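Colleague: I would like to go through this model feature by feature. Please give the general idea each time, then the case at hand.

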Amino acid sequence: MQQLLPVAIRGVLPKEVRNTIIRLCYFFNSICSKIIDPSKLQQLQDEVVVTLCLLEKYFPPAFFDVMVHLTVHLPREIKFCGPVWLRWMYSMERYMKILKGYVRNRHRPEGCIIECYIAEEAVEFCSEYLANARTIGVPKGIEERIESRSGFKVIPIDYKTLCEAHYYVLQNTTVVDPYMCEHLSFVRTLHPMKAKNEKWLQAEHKRSFSSWVKRKIETELAHPENTISQQIRWLAHEPKREVLSYSGYRIGGYYYNTRDHDSRSTTQNSGVMVEAESLHMSTAKDKNPIYANMLYYGVIEDIWELNYTQFKIPIFRCKWVDNKGGVKVDENGFTLVDLNKEGDPNDQFIFASQAKQVFFVNDPNGGRWSVVLTTKPKLYDRGDVCDNIEETPSFSRGLPESDDIDNEDVAYVREDCEGIYVEEDTTSRKKRKMT
């Protein structure tokens, strides 16, 4: 209800009814948050009152019972008792199902539960005590499968792609920032006539920085009293042409796959999102662009590890969606992307640590658009998924508008089926009165 229902009902209900249900889903998504701002509880209280009024307007009286009314009191309960997730019974109910599965003799359920529980405790103790032993007949957990680097292979890449990946590594490494600023000043001094053309400066900087910084570091290393660190020394040289390629990679609590791997799987793990600062231009002839942060959405094409001899850097090569015509936010706050509209093909790399996983769901309204759903990272401990305190992002950026709450001119009647008119039988009523 908090994540999938608002997407599932897109295009299958009238707009007013759909917006009302999405408002209710947004309310439950807000109150189930792990971090709640007490100053916003009154706003949630007011919003749920409006939502219930809309429900009474669009749904029959038989829909309403005491459970629907109790939603009004949930913000007040949070104010007195704290976040809902600390008090709900989902974990208890799930464990009750596990305990019920232990019962083999319905005449002695308690004994069956105790016997199976003790046996499980003994097996778990042995598996922890013999952690390095290889189990027989037990499949590997997700941690072991990922650490084994399935899908690993060494592939050569072309020099142009290697230079592009190498430049991205240099551009996003903190220790290289002083050299980046120095090279920009050098380019402005070398070309004073184009010093004000920011677009040209950035293109020239990207083209010549890698070779310039390599010569710069070699010159500084020639002095015996240099202070060049080992990291800068190896970064200045280009990585090896052969890269380590993976079909799956785990980092930051997320498990990523390439698009090719996802095409052979029933799950989707190739969608990524990254917030980056980029150069924005009003038109193609704009000579004074500005820098601004923006969210970019894309799909992982390749997962590589660049080999800098002393260390390796994991990067994702992604196909990004063009933000100019391929990303939009609808009236309900959903982010929609068109995966067929490709962005800049010369800017396709990110660090694996910069990515955040998203899922693309085909819009039920049809067409080329996909709905973006975000998720939270999972923590793995010896193959088991642990609870994570991080927040699950909201499916929407805000509540649908309720400007039509006082519009009484609209009749809410189903048009997808033919109605049946029932007339009152007055003759039988008269006969009963005569008798």
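Colleague: Is Glu204 buried or exposed?

Modeller: Some ground rules come before that. This is a predicted model, in which local features need pLDDT of at least 70 and side-chain atom pairs count only at pLDDT 80 or more, while totals for chains, interfaces and linings use all residues. Residues are numbered from 1 along each chain as its sequence is written, and side-chain values use heavy atoms, with hydrogens and water left out. Buried means under 20% relative accessible area, exposed over 50%, and partly exposed in between (1.4 Å probe, protein chains only). Glu204 has a relative accessible area of 15%, so Glu204 is buried.

Colleague: With which residue does Glu204 form a salt bridge?

Modeller: A salt bridge requires a side-chain nitrogen of Lys or Arg within 4 Å of a carboxyl oxygen of Asp or Glu. The partner of Glu204 is Arg207, and their closest N and O atoms are 2.5 Å apart. Both residues belong to helix α11, 3 residues apart, or about one turn of the helix. Arg207 counts as exposed, at 60% relative accessibility. Helices (H or I, at least four residues) and strands (E, at least two) are DSSP runs, numbered from the N terminus.

Colleague: How many salt bridges are there by this rule?

Modeller: The count comes to 10 salt bridges. One of them pairs the side chains of Lys15 and Glu331, at 3.5 Å from N to O. Lys15 sits in helix α2 (residues 15-31) and Glu331 in the loop between β8 (327-329) and β9 (335-337), so this pair ties together parts that are 316 residues apart in sequence. Lys15 counts as partly exposed, at 42% relative accessibility. Another salt bridge joins Glu301 to Arg259, with 2.9 Å between the closest N and O atoms. That pair links distant parts of the chain, 42 residues apart: Glu301 is in strand β6 and Arg259 in helix α13 (residues 259-263). Glu301 is partly exposed at 24%, and Arg259 is partly exposed at 34%.

Colleague: Which residues of α10 are buried?

Modeller: In α10 the buried residues are Tyr179, Met180, His183, Leu184 and Val187. They cover an arc of only 140° around the axis, which puts them on the same side of α10. The arc is that of the directions from the helix axis to the C-beta atoms. Exposed residues Pro178, Cys181 and Thr189 are on the face turned away from the buried side. The cover over the buried residues includes α9 (159-171), α11 (198-221) and α12 (230-236), where contact means heavy atoms within 4.5 Å.

Colleague: How many bridges join β3 to β4?

Modeller: Two strands pair if DSSP finds at least two bridges between them. Here 4 bridges join β3 (residues 248-251) to β4 (residues 254-257), and the strands run antiparallel. Tyr249 has Tyr256 in β4 as its bridge partner. The two strands form a hairpin with 2 residues between them, and Gly252 in the turn has a positive phi of about 65°.

Colleague: Which residue has a positive phi although it is not a glycine?

Modeller: Most residues other than glycine have a negative phi. Thr309 has a positive phi of about 70°. Thr309 lies in the loop between β6 (290-307) and β7 (312-320) and counts as partly exposed at 46% relative accessibility.
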